[in-house]
Amino acid sequence: MPTRAGSPEAFKRAATELADRVLLADIAWLDQTLLDSQREWIAEARTGARLTWKAIPSRAREIGIRVRGFFDGAPGLPDAQAARRAIAYVRQCFSAVDAILLIRDGDDQPERRHGLEQARAAASSNTRIVIGLAVVERESWVLSGFDAENADEQVSLTAEVQALGFNPCRQPQELTACKNDQAKRSPKRVLATLTNSDWNRQRKCWLGTPLPVLEARGQENGLKDYLVEVRDRLVPLITGRESERNG
């Protein structure tokens with residue numbers, strides 16, 4: 001079944017393919033043609049069930065995982081307990097996981113970032129945990145990589161700039177309407193309009209745009225933070241050397 005734009009699978013593909021780009025850029029001996037044999041992304045349980053935030057609570061209960069309690073003496077912020085449960089579930093179900101990506105929409109809840117960080121700090125494991133929080137939705141990450149490729153796309157982009165009063169691909173963090181997908185400032189609506197809801201066109205936004213450009217445009221929507229986390233936490237895991245930034 002083809003990937004549907006806007007689905008959880010689309011977010012997983014964007015997050016892992018962006019991570020692959022960072023790994024390939026920073027680790028000379030990784031090879032694009034051999035990458036599938038050099039690393040493996042696991043996104044589903046042995047039954048084939050997709051690992052999503054919504055699905056994990058019931059699956060965790062089925063295998064006896066219960067999470068509760070404070071985080072270093074403080075109550076959990078939004079997503080802290082959910083992330084703690086997800087980490088526990090993955091560690092119990094997959095014995096050879098070296099890293100876990102916690103990828104989440106911010107959904108106008110900036111406290112989620114701190115909640116995810118609480119869960120990461122509380123995890124007593126050598127597993128590297130990478131946080132990716134899209135502000136306000138994953139579509140804003142994709143828009144960070146959009147440049148008009150033809151006249152029709154330029155017309156659509158110009159119309160959006162005029163209607164919004166800003167360029168949604170240069171200031172994607174200003175697309176703050178995360179509850180109404182038809183709202184003028186909905187990142188979902190803007191991305192669908194600019195790409196005609198074409199999954200392959202959207203994918204080009206994060207695969208074809210240079211990483212420095214994505215970082216520059218993604219400074220306020222969580223994309224740069226995610227790329228830096230991959231560089232700081234996953235690259236040293238593979239190379240065996242700690243990042244200079246963390247050193």
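Select Asp72 to start, and you will find it in the loop between helix H3 (56–62) and helix H4 (80–93), where helices (H or I, at least four residues) and strands (E, at least two) are DSSP runs numbered from the N terminus. The model you are looking at is predicted, so local features need pLDDT of at least 70 and side-chain atom pairs count only at pLDDT 80 or more, while totals for chains, interfaces and linings use all residues. Residues are numbered from 1 along each chain as its sequence is written, and side-chain values use heavy atoms, with hydrogens and water left out.

Stay on Asp72 and look at its backbone: phi is near 55 degrees, a positive value in a residue other than glycine. Most residues other than glycine have a negative phi, and most peptide bonds are trans. Is Asp72 buried or exposed? Asp72 is exposed, because its relative accessible area is 83%; here buried means under 20% relative accessible area, exposed over 50%, and partly exposed in between, with a 1.4 Å probe and protein chains only.

Next, select Asp107, which lies in the loop between strand S1 (99–105) and helix H5 (111–122). Asp107 is not a glycine, although its phi is positive, at about 50 degrees. Asp107 counts as buried, because its relative accessibility is 19%.

Move on to Val135 and Val136, which are joined by a cis peptide bond with an omega of about -5 degrees. Val136 sits in the loop between strand S2 (128–134) and helix H6 (138–143).

Now turn to the cysteines. A disulfide is a covalent bond between the sulfur atoms of two cysteines. How many disulfides are there? With a disulfide taken as a pair of cysteine sulfur atoms within 2.5 Å, the count is zero. Select Cys205, which is in no disulfide, and then Cys169, whose sulfur is the nearest cysteine sulfur to it, 7.6 Å away. Cys205 counts as buried because its relative accessibility is 1%, and Cys93 is buried with a relative accessible area of 15%.

Finally, zoom out to the whole protein, whose secondary structure comes to eleven helices and two strands. Follow the elements from the N terminus, and they run α-α-α-α-β-α-β-α-α-α-α-α-α. If you colour the protein by accessibility, buried residues make up 47% of its 247 residues.
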